[in-house]
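Subject: Structure handover and notes

Dear colleague,

I am passing on the structure we spoke about, and my notes on it follow directly below. Please read them with the structure open beside you.

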Amino acid sequence: MTRTLLALVVGGALALPAFTSIQAAHAAGAGVEAKMNYCQDCHGPAGQGFHGFYPIPRLAGQQPDYIKNQLQAFIQHRRTNNIMFNVAHSLQPSVIDALANRFSHFNPRPLSPGSRRLAEAGRKIFENGMPEANIAACAACHGPEAKGHGEIPRLAGQLPDYVFNKLMNWSKERGQNPSLPDTSLIMEPVAHSLNQAQAQAVAAYVSSLR
Amino acid sequence: MVNTKAQSKNRVKRKLSLRTSAVTMAFACWTVMFSGSAQADSPAVRNCTWCHGSSAEGYTPAPRLAGQRPGYLQQQIVDFKAHTRDNPASTQYMWGAAAYLDPRTAYDLAAYFAALPPIPAADGRADLVALGESIYQRGMPEENIVACVACHGPNAQGVGAIPRLGGLAYTYLKRRMKEWAIGYHATARHPMPSVARKLSSAQIDALASYLSFVR
C-alpha cells in the first residue's frame, strides 16, 4: 500500500515538469485563461458588454451553443464582422467550449437598461408579437425571460444599441454564406417586419431584463 | 443751505450708484472669467494653452487637446482632481492645474478645445506605420492583443469618454501606453491597463507611429 502510494508520489513528481511545460505553452497565449482575459478586454470583466466605438455585446449568461455557433459563423463567412473573424481563427475548439461555458455562468447586472417608457411598449411586442404586422412573439423562441435556448441567444441584459443595430442590419450581417444556410434565417422575416421604433422598444425591454 | 443739502444727497446717490455699478461690473467680469463659455483669450483657456500650445496643438510633454472628445477631457479633469490619474506628468502638472476647476468651467474648457481643428503631429517612424495600422485595425489574435478600432473607431476619432488618438504626438502616445502597462491610472475604466500589458515595446512603437499620422 505504502509502496503504491510512494510510486504514485514519485511518478507524479516526475510527470510534473512535463505538465508545467504544457501549461507554460498554454500560458503563452493559447490557453483558456489567456483567451478568457483576451475576451474580457473587450466584452467586459464580467462579460457584461462594453460601449466602445461600436457596442460590444454582453456574453454573460449567454447560451454556450449560441456562442459556439457564432464563432463558427465568423469563420465560415456566415456572419460578417472583421474583428471577430480574426478572433475566431485564433481559438481552438476545446478552448471555445471552455470559454462558452465560463461566460454562461456569469451573471452581472445589465450594463445599460433602456428607458422604461420604451421598455413597456417593447414588452408587449416581446410577449405577444404583432400578428397584424406578421411579427411573432419574441418570447416564443427566446423564452419568456429572454434567456434563449441552444443556438437561440439570450437577449436579457443585452446592450440596447447592440440589439437595435443587429435587428436593423440583419440581412447585411447574418446568413451571408449561401451554401451554408443557418438558424439566422428564422430571424430574417421578423427583423424585416420590425420598424425602427418597434426595434428600439424591443431592444429597451430586453436590455432591462436580468 | 437747502440747495447744498440736496446737492450732498445727490452726491451720495451718485456715489451709491457708482458703487453698485462697480459691483455689477466686477460680477460681470467674474461671470465671464469663471462661468461663461470659454473664449480663446479667457484666463481659463490661457492657463491651459501656456503648456498645451496656443492652438492646443500640444507641446511636449503636454498632449494636443484640439479636437479631443469633450467627454474624455471632462473625465480626465475629474481624474486629476481625484488623483486617480497618477502618471508622473499628471501628478507634476495637472493635479495642481485642475485642482480648482469647477465642473462648469471644466465643461466649457472641454467644449472649447474639442471644437478646435486637430492637426496630426505626424512625427512617428514612417517605417513602422504598416505594422501599427495592422495592430490597430485587426489586433493580433494569436498574442491576445485586441483590435483598438473596436473602441477608438476606424479613424481613431474616439467617442464619449474614449479619447481620439489619431494625430497625437508619437512620444506622448508611446509614453501613455507604457504608463498604462506599468499600472498608472489603474483605477481608470477597464480595459486599458490589461490591453497595454500585452503590448511589446516594438508594438507600442508601431502603434504610436501609425496613430501620429492619422487625421
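This is a predicted model: local features need pLDDT of at least 70, side-chain atom pairs count only at pLDDT 80 or more; totals for chains, interfaces and linings use all residues.

Just after helix 2 of chain A comes Gly44(A), which takes a positive phi of about 95°.

The two elements of chain B named above return when the contact between the chains is taken as a whole. In total, 18 residues of chain B are in contact with 18 residues of chain A. On the side of chain B that touches chain A, helix 7 and helix 9 of chain B are the elements that give two or more residues, and helix 7 of chain B gives the most, with three residues. By class, that side of chain B has nine nonpolar, six polar and three charged residues.

As for chain B itself, there are ten helices and zero strands, and of its 215 residues, 35% are buried. Among the contacts in chain B with a separation of 6 or more, 71% are accounted for by residues 24 or more positions apart.

One helix pair in chain B may interest you in particular. The axes of helix 3 (residues 70–81) of chain B and helix 5 (residues 103–114) of chain B come within 8 Å and cross at roughly 140°, and because of that angle helix 3 of chain B counts as oblique to helix 5 of chain B. The crossing in which helix 3 of chain B passes helix 5 of chain B is right-handed. From helix 3 of chain B, the residues Pro70(B), Leu73(B), Gln74(B) and Ile77(B) take part in the contact, and they meet Ala106(B), Tyr107(B), Ala110(B), Ala111(B), Phe113(B) and Ala114(B) in helix 5 of chain B. By class, this contact of helix 3 with helix 5 of chain B has nine nonpolar residues, one polar residue and no charged residues.

With best wishes

Note on methods: Residues are numbered from 1 along each chain as its sequence is written. Chains are lettered from A and ligands numbered from 1 in the order in which they are written. Helices (H or I, at least four residues) and strands (E, at least two) are DSSP runs, numbered from the N terminus. Axes are lines fitted to C-alpha atoms, for helices over the stretch in contact, and angles run from 0 to 180 degrees between N-to-C directions. Angles under 35 degrees count as roughly parallel, over 145 as roughly antiparallel, 65 to 115 as roughly perpendicular and the rest as oblique. A crossing is left-handed if the near helix is turned anticlockwise from the far one by less than a right angle, and right-handed if clockwise. Two residues are in contact if their C-beta atoms, placed from the backbone, lie within 7 Å. Ala, Val, Leu, Ile, Met, Phe, Trp, Tyr, Cys and Pro count as nonpolar, Asp, Glu, Lys and Arg as charged, and the others, Gly among them, as polar. A residue is buried if 20 or more other C-beta atoms lie within 10 Å of its own, exposed if 12 or fewer, and partly exposed in between; C-beta atoms are placed from the backbone.
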